[in-house]
Amino acid sequence: MEGIPHPIPRTVEEVFQDFKGRRAGLIKALTLDVDKFYQQCDPEKENLCLYGLPNETWEVNLPVEEVPPELPEPALGINFARDGMQEKDWLSLVAVHSDSWLLAVAFYFGARFGFGKNERKRLFQMINDLPTIFEVVTGNVKQPKEQSATQNSSKSKSSGKTSRQSEPQTKGVKMSPPPKEDDESGEEEEEDDEQGATCGACGDNYGTDEFWICCDICERWFHGKCVKITPAKAEHIKQYKCPSCSNKRSRV
């Protein structure tokens with residue numbers, strides 16, 4: 001239920017930006033804000049829905065009263081299933097329904113504004129390049145074959161999850177890759193693979209000018225800003241656990 005009006009997307013690029021904003025809000029609800037989300041989904045309340053908003057926020061609310069609704073509605077009654085299954089299974093179920101809802105909203109806009117075959121295809125390709133919410137929440141984000149092997153090799157060589165740099169970095173911290181060395185082609189390939197990594201929270205690709213940190217439990221990489229960890233804070237962390245791993249351990 002969106003109380004604040006948002007601009008209606010009309011082009012493929014605008015619909016995709018709307019999709020990304022809503023997706024970011026939903027991922028935040030199911031990862032970083034999972035405790036708050038869990039509490040708001042009280043089974044004692046009426047049918048509740050999880051809404052992702054274009055401004056990268058989320059809300060749990062009752063479905064809209066107007067029939068038919070202005071936009072497709074998310075899955076109804078997610079709160080009723082909360083206490084009837086394992087939390088990770090419940091979050092995965094909500095993630096799957098959230099993925100379906102995002103596609104429904106995006107292609108609703110496409111139908112409403114008369115997107116042709118090529119526009120619909122381009123929109124789907126843009127969406128398909130991002131990991132699904134389900135993949136992010138369950139940690140099953142698909143990566144290039146060489147990438148996972150290279151990252152594991154890098155971790156074992158450095159006895160910690162750090163990027164190879166001229167200055168030592170804190171365990172678990174990944175900063176921009178070092179300059180390539182012409183006489184070590186293997187390292188060149190490894191650095192290229194690092195730049196192809198994706199953030200476990202937002203799904204965006206690795207950037208050389210961004211601070212990254214790796215979870216010591218699930219070995220996924222995250223933007224520092226996505227998990228609220230600064231370089232200074234990372235220096236004092238002996239073993240970093242991402243929000244998903246922390247929540248799993250706290251509720252087991």
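Tutor: Rings of Phe, Tyr and Trp (its six-membered ring) pair if their centres lie within 6.5 Å; planes under 30 degrees apart count as stacked, over 60 as edge-to-face and the rest as tilted. The structure here has 5 aromatic pairs. Keep in mind that this is a predicted model, where local features need pLDDT of at least 70, side-chain atom pairs count only at pLDDT 80 or more, and totals for chains, interfaces and linings use all residues. Residues are numbered from 1 along each chain as its sequence is written, and side-chain values use heavy atoms, with hydrogens and water left out.

Student: How are the rings of Tyr51 and Trp101 arranged?

Tutor: In general, a pair of aromatic rings is described by the distance of the centres and the angle of the planes. For Tyr51 and Trp101, the centres are 6.3 Å apart and the planes stand at 90 degrees, so this pair is edge-to-face.

Student: Are Tyr51 and Trp101 buried or exposed?

Tutor: Buried means under 20% relative accessible area, exposed over 50%, and partly exposed in between (1.4 Å probe, protein chains only). Both Tyr51 and Trp101 are buried.

Student: Which residues does Ser98 touch, leaving aside its neighbours within four places in sequence?

Tutor: Contact means heavy atoms within 4.5 Å. With those neighbours set aside, Ser98 contacts Leu26, Leu50 and Ile133. At 5% relative accessibility, Ser98 counts as buried.

Student: And which rings form a cluster?

Tutor: Phe37, Tyr38, Trp58 and Trp90 are linked into one by ring pairs.
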